[in-house]
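Subject: Handing over the structure, with notes

Dear colleague,

I am passing this structure on to you, together with some notes on what was found in it. Please open it first and keep it beside you as you read.

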Amino acid sequence: MSVYFAEFLGTAILVLFGGGVCANVNLKRTGGFGADWIVIAAGWGLAVSMGAYAVGDISGAHMNPAVTLAMAMDGQLAWGMVPGYIICQILGGILGGMFVWLMYLPHWKATEDQDAKLGVFSTAPAIKNYFANFISEIIGTMILTLGLLYIGTNKIADGLNPLIVGGLIVAIGLSLGGPTGYAINPARDLGPRIAHAIFPIAGKGKSNWGYAIVPVLGPIAGGMLGAVFYRLFYKGNFDVASVIGLIVVILTLILGLVLNKSKKNKDIETIY
């Protein structure tokens, strides 16, 4: 199996389990309907673990463009492989979203809430403020990539690493996930959002493309920031890639301020 197909398959598995737990909790007349946030956080953690077990030995199981960028910044992946990894991750997210749609096929019609249906596939903010939402995604993804890199410095028994990484995802979900639904992964949000847009889901509404930039650009900036911190504090390195990473973070936050001021965004809630 090629590394690119491995990223495609791993991301599809990730989204199938992760989107599946959201569907089980949010769609009416399922066995898990009405379960709480802890179920969702645990489901996403195990989703990452299962994807990592499937393809970790082949591609490293990034399953996330933010992780791929962080690994390239740390020299663990050639920059020439980054575009292929990211494209395959997004395509895998679409496939995973399709399988979630098929898995819960009768339950879409039984659920009237269009936002709940969209929430199976993609994230949305609890309080809409682009600047604050970007901060949440940046911090969440920063600790994800930083955590993945520092977990790798520990001597761990063979086969346990994916479970530990899954635990990191659960921790992020429980502690940091509330403000934006913790996308922390552009492929996990963009791929399924595309699936929501293109597949005939009964009673679906719009795919909320106006917000989609946050779970794409925020995690990219946060993933790069995590790599900057790891390389600076663990390795004592600060180079051009680190500078670029910090510039991306700053530009992302500026974009958040600009979007908040846009006349098109009338539903923004102020911070102060």
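This is a predicted model: local features need pLDDT of at least 70, side-chain atom pairs count only at pLDDT 80 or more; totals for chains, interfaces and linings use all residues.

**Helix 2**

At its N-terminal end helix 2 is capped by D36, which places a side-chain oxygen 3.2 Å from the backbone nitrogen of I38. After helix 2 comes G60, whose phi is positive, near 90°.

Which residues of helix 2 are buried? They are I40, A41, G43, W44, G45, A47, V48, S49, G51, A52, V55 and S59. As for their surroundings, the buried residues of this helix pack against helix 1 (3-26), helix 4 (82-103), helix 8 (161-176) and helix 9 (186-198).

**The nonpolar cores**

The largest nonpolar core has 38 residues, and those with the most contacts inside it are W44, L144, L148 and Y182. At least two residues of this core are supplied by each of helix 1, helix 2, helix 3, helix 4, helix 7 (130-151), helix 8 and helix 10 (214-235). Helix 2 gives the largest share of this core, namely seven residues. If you select W44 and leave out residues up to four places away in sequence, you will find that it touches L14, G18, G19, V21, C22, I169, Y182 and R188. Another core, of twelve residues, lies apart from the largest one, and among its members are Y104, W108, V120 and F121.

**T68 in helix 3**

T68 belongs to helix 3, which runs over residues 65-73. Is this threonine buried or exposed? T68 has a relative accessible area of 0%, and therefore it is buried. Its side chain is joined to that of H62 by a polar contact of 3.0 Å. When neighbours within four places in sequence are set aside, T68 is in contact with H62, L77, V82, Y85 and Q89.

**The loop between helix 8 and helix 9**

Y182 lies in the loop between helix 8 and helix 9, and its phi is near 40°, a positive value in a residue other than glycine. Y182 counts as buried because its relative accessibility is 7%.

I184 is found in the loop between helix 8 and helix 9 as well, and its phi is near 45°, again a positive value in a residue other than glycine. With a relative accessible area of 5%, I184 is buried.

**The cysteines**

How many disulfides does the structure hold? The structure holds zero disulfides. A disulfide is a covalent bond between the sulfur atoms of two cysteines. C22, one of the residues touched by W44, has a relative accessible area of 5% and is therefore buried. C88 is also buried, since its relative accessible area is 16%, and the cut-off for that word is under 20%.

With best wishes

Note on methods. Residues are numbered from 1 along each chain as its sequence is written. Side-chain values use heavy atoms; hydrogens and water are left out. Buried means under 20% relative accessible area, exposed over 50%, partly exposed in between (1.4 Å probe, protein chains only). Helices (H or I, at least four residues) and strands (E, at least two) are DSSP runs, numbered from the N terminus. Contact means heavy atoms within 4.5 Å. A polar contact is a pair of N or O atoms within 3.5 Å; within protein, one must be able to donate a hydrogen and the other to accept it, and residues adjacent in sequence count only if both atoms are side-chain atoms. A nonpolar core is a set of buried Ala, Val, Leu, Ile, Met, Phe, Trp, Tyr and Cys residues joined through side-chain atoms within 4.5 Å. A disulfide is a pair of cysteine sulfur atoms within 2.5 Å.
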